[in-house]
Amino acid sequence: MSSTLDMRAIELPSAEFDKEAEAAGLNLPIEQTEVWARYEATVPGRRPWGAYRLERDGEAVAYIRLFDYETHGYHFLRSNHGPVWLQAPKPEDEQAALEAIRAVVRERGEGQVFVRCCVDADLDCCEPALSIVPYDTTVVIDVTGGDDEILARMKPRGRRDVRKALREAPITCADETEQAAKSFSDYYGVLVETGERDGFHPAPASDYEDMLRILGPEYCRLFAGRQEDGKVVTWSLVTISSSMAVRYYAASSTATMRKHVTDKLLYFECCSLGKFEDGRVKSYDLMAIGSELSPTLLGLNEFKTKFCKQVTHVAPDRDYPIRGGFYRSLKLARKVVVRARGAKQNRTVEKEVASKTKPSTK
């Protein structure tokens, strides 16, 4: 394996980082851009930590922007969708990059416990990411060539469902970015309903308003589907960076799910993004489906994979411990929490079963 001597992390001014990476031919993910750093700076417990060129023998090999996250009394560094490599890395390249980052972290001496970033190889020095569900597979839709070409590139089932949705889905779709940035109230109820159905807790409505407002319409859009009575029943919040768009958040009403409303909205999004700024956007990433690495996400596959004939592999998030003893204690604490949650769920199920099977006293 390569050592830190083979690769160095050179800090760059934030604006220079974007320009240099783009000049090198990279399409930076939104989370690796300066505009995202401005947004993260407004989120409590987060701050931009540094933007770096990773180089070997004076030549750039990758770029990475890191953010400091504070949670439960400790700090870690996060690089969402980073490093961004100029060429596909070998395992030894990823090892050397991690060592170079660790050298910078230790030099600054701020005590971060680990670095979380995208590492494709299953390196011995890395751990599965704590407290999140990492993914290594996604669906990326080609949105070039116009509406008919977008439809033609889908799987047969996708084309069938979209055509049915265009005929029958009882919604009108529109880009509602401006009004959503002013008030998220029309959309938040659908998100809460989605969270109750799918088992997650959404952030406060103001967080989504802030994201739309701070990133601005050049980098963030909201598309929505409304019924005849004006009620929002499905929506997607989409980020845009260079030629890439990502379906970052999405929500839908349970009552209309079988009416193909989300199929209609997603096709509307693809067509709208394909026309965005005279065709600047070339691809639309639906962000995560299930795989052997992330089996809990397999429920997403049936819907998302019908819109594209192939899936796309991506490097998953992994944790790279800096303070090994502290990180081991976090792993142990996580196991205790998971075990306690499982026991609580079992007790709840047992009570429900008992209440349903208890003999009547009448």
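Predicted model: local features only at pLDDT ≥ 70, side-chain atom pairs only at ≥ 80, totals over all residues.
At 1% relative accessibility, Cys 117 counts as buried.

The cut-off applied here is a pair of sulfur atoms within 2.5 Å. For Cys 117, the closest cysteine sulfur belongs to Cys 126 and lies 6.8 Å away, which is too far for a bond. Cys 220 is in no disulfide either, the nearest cysteine sulfur being that of Cys 270, at 17 Å. The structure as a whole holds zero disulfides.

The structure contains one cavity of 30 Å³ or more, and the volume of the largest cavity is about 40 Å³. Its lining is made up of Pro 83, Trp 85, Glu 94, Ala 97, Leu 98, Cys 117, Cys 118 and Val 119. Helix H3 (91-108) and strand S6 (114-118) are the elements that give two or more residues to this lining. H3 gives the most, with three residues.

Cys 220 leads instead to the sheet. Six strands form an open sheet in the order S9-S14-S13-S12-S11-S10, and their pairing is mixed. Strand S9 (140-142) and strand S10 (172-175) are the edge strands, each pairing on one side only. From one strand to the next, the twist averages 25°.

Cys 220 belongs to strand S11 (220-226). Seven of the seven residues of S11 are buried, so the strand is largely enclosed by the rest of the structure. Cys 220, Leu 222, Ala 224 and Arg 226 point one way from S11, whereas Arg 221, Phe 223 and Gly 225 point the other way.

The hairpin of S11 and S12 has five residues between the strands, and Gly 230 takes a positive phi near 90° in it.

Elsewhere in the sheet the sense of pairing is parallel: strand S13 (residues 244-252) and strand S14 (residues 283-285) pair in this way over three bridges. Ala 245 has Tyr 284 in S14 as its bridge partner. Two helices may be followed against these strands. Helix H9 (residues 261-275) packs on the sheet, touching S9, S10, S11, S12, S13 and S14, and its direction makes about 30° with that of S12. Helix H7 (residues 185-198) lies across S11, strand S12 (232-241) and S13, running at about 80° to S13.

A further space remains to be described. The second largest pocket holds about 190 Å³. Its lining comprises 15 residues, and Pro 128, Ala 129, Pro 134, Leu 293 and Arg 318 lie nearest its centre. Strand S7 (127-128) and strand S16 (317-321) are the elements that give two or more residues to this lining.

Notes. Residues numbered from 1 in each chain as written. Heavy atoms only, no water. Buried < 20%, exposed > 50% of the residue type's maximum accessible area, 1.4 Å probe, protein only. Pairing = 2+ DSSP bridges. Helix = DSSP H or I, 4+ residues; strand = E, 2+ residues; numbered from the N terminus. Axes fitted to C-alpha atoms, helices over the stretch in contact; angles between N-to-C directions. Contact = heavy atoms within 4.5 Å. 1 Å grid on protein atoms, 1.4 Å probe; cavity = no way out; pocket = protein on both sides within 12 Å on 5 of 7 lines; lining within 4 Å. Points joined across faces, edges and corners; volume = space filled by probe spheres on them.
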